[in-house]
Amino acid sequence: MIGLVLWMLLLLLSISIASFICLRQWLQNKKNKLHASSSDNRVYVGIFHPYCNSGGGGERVLWCAVRALQEKYPNAKMVIYTGDIDASPNSILEKAKNVFNILIDSDNVEFVFLKQRNWIESKTYPHFTLLGQSLGSMLLGLEALCKFPPDVFIDTMGYAFTFPLFRYLVQAKIGAYVHYPVISTDMLRRVQSRQLAHNNKKYVARNPFLTWAKLAYYRLFSKIYKWMGRCADTIMVNSTWTENHILQLWDVPFKTHRVYPPCEVSHLKNLPHSEKNDEVIILSVGQFRPEKDHPLQLQAMYELRTLLAQEESLWNKIRLVIVGSCRNKDDYERLKNMEDLSKHLSLENCVQFHVNVSYDDLLRLFQSAHIGIHTMWNEHFGIGIVECMAAGLIMVAHRSGGPLLDIIETSEGSQNGFLATDAVEYAENILNIILDSFDTNRIRNAARSSVERFSEQEFEKGFLRATSTLFTDV
């Protein structure tokens, strides 16, 4: 019996090796034919971004990177791997222009549409979501690879499990822009301390055995994640927080470069600010995703109303305007839940939701707003925070992650914003800003002066410097 099992394992191993060799040879032949059909010795750059039409901060990174590569390497062909099969190439590029004010040379971009994007969506894996999405990204990456094998592969969404496919099957150079690690020591600590979170359900947090099992699962996953990440030739991280975690997880100090994401600051810094006295507008900018913790913003408004119980006339002037993009049905469900929560807290008359707004509409909102709010715990960076500061808003963000380590300074004399951790602290900071308890003009000017290091120009210089090694000998 044991001999039969060993024979079956040997047979399975032989079939796997033979399949790998055949697939690699087929892909290499396809890659050679692609180059043979090109008369100008082009370099094909595959960029993996399954949600390229979403309109969030990650998509700004994508389009700024594409624009920078087009200008630096005119002989390179940009190939975008996307799962947005319901959008045309022209509509995707038009959205990049309207939402981000980024113009892409359409003649030098090709879209490879992936039909199996559901493999990387969390709803596909109600349990073992991290592992399911990561293995799903390998299947989606294999679809991308079979449709178009590139010379250079750049992942701009954090799907590290695709790296070995492109590295070992077609010998592509690998670049990664990491917005946040798939797993982090902070996640491990939350599970170990049995804290409730969007990725640590109540029934797990309350059960010691399930907590132990989840910790073991996370630790095993982090070891696999490390091996995958080390397949990259160059790694860009978007903040100090992300850099610290990637260095700890992957141990790749010589490959890692901190490249802050591109923020629209030049135009926003010159944006005239409307001085209206009839309303105080608090603006929130971010995708409708669970980790953004929009409910905390509504709770902060509820606490603010309590603080202003004796100032009803002032409370009636305050408006929270939540601006965000929705990628899919789950995001729209979250939006509906937010609307229901605002009614439950009796805030429906002072809270407005704006979904998938155009760039021009966002500019108008920036001009009318006075205060910015951002509530995500351990936000890896915070493009929306920087843009609010550049537009002249006084920012209140979570005391963690990128806002704490890279963006907001609260020291006396150099303060450019405020940090908070819970609804009461958010409400108190907002009230102090409204009552002008601090020198808000000085804080606003300091904020606008501090954001130049996050400009699109600085991003493009850093991105091109970090990816230069990918274009040697190709």
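Modeller: Happy to! Leu 114 touches Phe 48, Tyr 81, Thr 82, Gly 83, Ile 85, Leu 140, Glu 143, Ala 144 and Lys 147, leaving out residues up to four places away in sequence. Touching, or contact, means heavy atoms within 4.5 Å. One caution: this is a predicted model, where local features need pLDDT of at least 70 and side-chain atom pairs count only at pLDDT 80 or more, while totals for chains, interfaces and linings use all residues. Also, residues are numbered from 1 along each chain as its sequence is written, and side-chain values use heavy atoms, with hydrogens and water left out.

Biologist: Okay, is Leu 114 buried or exposed?

Modeller: Leu 114 is buried, with a relative accessible area of 1%. Buried means under 20% relative accessible area, exposed means over 50%, and partly exposed is in between (1.4 Å probe, protein chains only).

Biologist: And where in the chain is the place of Leu 114?

Modeller: Leu 114 sits in the loop between β3 and α4. Those labels are DSSP runs numbered from the N terminus: helices are H or I with at least four residues, and strands are E with at least two. The C-alpha atoms of Leu 114 and Pro 50 are separated by 7.7 Å, though these residues are 64 apart along the chain.

Biologist: You mentioned β3. What is the strand order in the open sheet of seven strands?

Modeller: The order is β3-β2-β1-β4-β5-β6-β7, with parallel pairing. Two strands pair if DSSP finds at least two bridges between them. β3 (109–113) and β7 (256–258) stand at the edges with a single partner strand each, so one side of each has no neighbour in the sheet. Ignoring direction, neighbouring strands of this sheet are turned by 20° against each other on average. Axes here are lines fitted to C-alpha atoms, for helices over the stretch in contact, and angles run from 0 to 180 degrees between N-to-C directions.

Biologist: What holds strands together in general?

Modeller: Strands of a sheet pair through backbone hydrogen bonds, either parallel or antiparallel.

Biologist: Which strands does α4 touch?

Modeller: Helix α4 (residues 129–147) packs on the sheet and touches β1, β2 and β3. The direction of α4 makes about 155° with that of β1.

Biologist: Tell me about β1, then. How many of its residues are buried?

Modeller: Six of the six residues in β1 (residues 43–48) are buried. Val 43, Val 45 and Ile 47 point one way, while Tyr 44, Gly 46 and Phe 48 point the other way.

Biologist: How many bridges join β1 to β2?

Modeller: Six bridges join β1 to β2 (residues 76–82), and the two run parallel. Tyr 44 has Lys 77 of β2 as its bridge partner. The chain goes from β1 through helix α2 (residues 57–72) to β2, in a right-handed β-α-β crossover. Right-handed means that, with the strands pointing away from the viewer, the path from the first strand over the helix to the second runs clockwise.

Biologist: And β4?

Modeller: β1 and β4 (residues 152–155) pair in the parallel sense over four bridges. Val 45 stands opposite Val 152 in β4.

Biologist: New topic: which residues have the most contacts inside the largest nonpolar core?

Modeller: Tyr 81, Phe 163, Phe 166, Tyr 225 and Trp 250 do, in a core of 45 residues. A nonpolar core is a set of buried Ala, Val, Leu, Ile, Met, Phe, Trp, Tyr and Cys residues joined through side-chain atoms within 4.5 Å. Helix α8 (residues 208–229) gives the most to this core, with six residues. Apart from this core lies another, of 37 residues, including Cys 64, Met 78, Val 99 and Phe 463.

Biologist: What about the open sheet of six strands?

Modeller: Its order is β10-β9-β8-β11-β12-β13, again with parallel pairing. The twist averages 25° from one strand to the next. Five bridges join β9 (residues 318–324) to β10, and Ile 322 has Phe 353 of β10 as its bridge partner. Helix α13 (residues 329–344) lies across β9 and β10, at about 170° to β10.

Biologist: Last one: how many helices and strands does the protein chain have?

Modeller: The protein chain has 19 helices and 13 strands. Of its 474 residues, 55% count as buried.
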